[in-house]
Amino acid sequence: MKRKYDVLIVGGGPGGALAARTAAEKGLSACLIEKRPAIGVPVRCAEGIGKETLKEFIAPDDRWISAEIDSARFVAPDGTSMTIEQEMAGSKVGYILDRKIFDRELVWQAAAAGADVFVKTRAVSPLMDDGSLKGATVAFCGEERKVGADVVIAADGIESKFARWCGLDTTVPMRELMSCAQYVLTDIDIDPHVTVFYFGNRIAPEGYLWVFPKGDRTANVGIGISGRKSKDGHRARHLLDRFITDSFPQGKKVELIVGGVSVCRPLPCTVADGLMVVGDAARLSDPMTGGGIANAMITGRLAAEVAADAISRGDVGRDALMPYDDGWRSSSVGKSLEKNYRIKEVFIKLDDAKLNALIQSASRLDLKDFSVLTLVKELIKRNPKMLLELKSLYSVLK
Ligand SMILES: Cc1cc2nc3c(=O)[nH]c(=O)nc-3n(C[C@H](O)[C@H](O)[C@H](O)COP(=O)(O)OP(=O)(O)OC[C@H]3O[C@@H](n4cnc5c(N)ncnc54)[C@H](O)[C@@H]3O)c2cc1C
């Protein structure tokens, strides 16, 4: 490990990997540190990603694609379901990855581009000089070292501390932190090309439960519920166990993970002097779906591009790094995060009767010319009792 790099990247998830790869491709000296002993494990993810977004970053490869999805099914609390086929859902339907291999591949690409990579290496504090960020103190193989950097990219995920240490407020309100649990469940009867989403305040309060296939008889079966609904005896894992007992009693649980997903608005500002915050650390997972792999990669890449430009001009102050914050906020990422935040706020207030009514009427529609906007228009016609909620949805979408 060198004493000084152009860019130090904290975290070896998809955000950090793309930042490191891009920085190295731009000719910068880049160092990625990951606190865990191996990249990609444990997998705290249902591993779903849209096809089009993925292709922007890496050519699809069977080595890390567990399943190709052609439709998504939504199940109401009363069991009514509606299915959206690939041609209607567009890029939302895609692949289920094998992130143990995928994350590793992304970091290998960063290394191949010239970035230094260190595992079991944890950032323990920012390195400050005269009030400015100049790198990080890292714990590396049991000893602490100072690693200088012109820019630090904090890609340290949902549990991010680095941005907070540097003075940014990264608090996620309890109601906007989804508490998640997931099993890899095997020996179950599933459609290997369909993702299934279950809604309802009994099944997954203020959240949803998912079955994402990972092959013919195996799936990621998981649940996310609002932090404020998580209480003794009703934690995410309890609700998930109950669902599995009812729906897949023969299933064999071969892996369990628990984790959090933020469904709040992004950090108010994702840069400071010498610092950029990307992916989950910046609270950039989609507030509606909880998906964050794509946004982590998009913002990781953009952060490194802006860092390269700023370093070449010899100014890495907050204003010089601001094009990163402005860039993602004004792009489709920022727009869709805001839109989906507002949609989520409408959805979590629906009781089971309203969820049933919505999915029942949607299941009866001819969805040939599917768009969410036409769907909501039709639902308004069929559900006069939900005019208020649906009108607010319509105003967000139009
Ligand atoms: C149950 C669950 C299901 C999900 N399902 C999906 C899904 O289907 N699709 C989707 O798109 N997203 C999903 N997500 C979200 C997705 O996993 C994240 O959005 C994505 O991994 C974010 O990437 P990242 O690079 O920002 O952070 P991460 O992938 O979390 O990477 C951060 C890395 O930083 C490391 N780190 C932390 N602190 C330090 C430190 N001090 N020093 C060094 N290293 C550090 C961590 O060990 C970690 O490896 C899910 C999340 C959960 C919990």
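1. Starting with the sheet: β3 and strand β7 (residues 94-97) run antiparallel and are joined by three bridges. Strands here are DSSP E runs of at least two residues, helices are H or I runs of at least four, and both are numbered from the N terminus. Two strands pair if DSSP finds at least two bridges between them. Within this pair, G50 sits opposite G94 in β7.

2. A word on the model: it is predicted, so local features need pLDDT of at least 70 and side-chain atom pairs count only at pLDDT 80 or more, while totals for chains, interfaces and linings use all residues. Residues are numbered from 1 along each chain as its sequence is written.

3. The sheet is open, with three strands in the order β3-β7-β4 and antiparallel pairing. Because β3 (48-50) and β4 (65-68) are the edge strands, each with a single partner, one side of each has no neighbour in the sheet. From one strand to the next, the twist averages 30°.

4. Now the helices. The axes of α1 (residues 14-25) and α7 (residues 293-313) come within 7 Å and cross at roughly 30°. Axes are lines fitted to C-alpha atoms, for helices over the stretch in contact, with angles from 0 to 180 degrees between N-to-C directions. The two helices are therefore roughly parallel to each other (under 35 degrees).

5. Who touches whom? On the α1 side the contact includes P14, L18 and T22, and on the α7 side I293, M297 and R301 are among the residues; contact means C-beta atoms, placed from the backbone, within 7 Å. The contact residues divide into twelve nonpolar, five polar and two charged.

Methods:
Parallel < 35°, antiparallel > 145°, perpendicular 65-115°, else oblique. Contact = placed C-beta atoms within 7 Å. Nonpolar A, V, L, I, M, F, W, Y, C, P; charged D, E, K, R; others polar.
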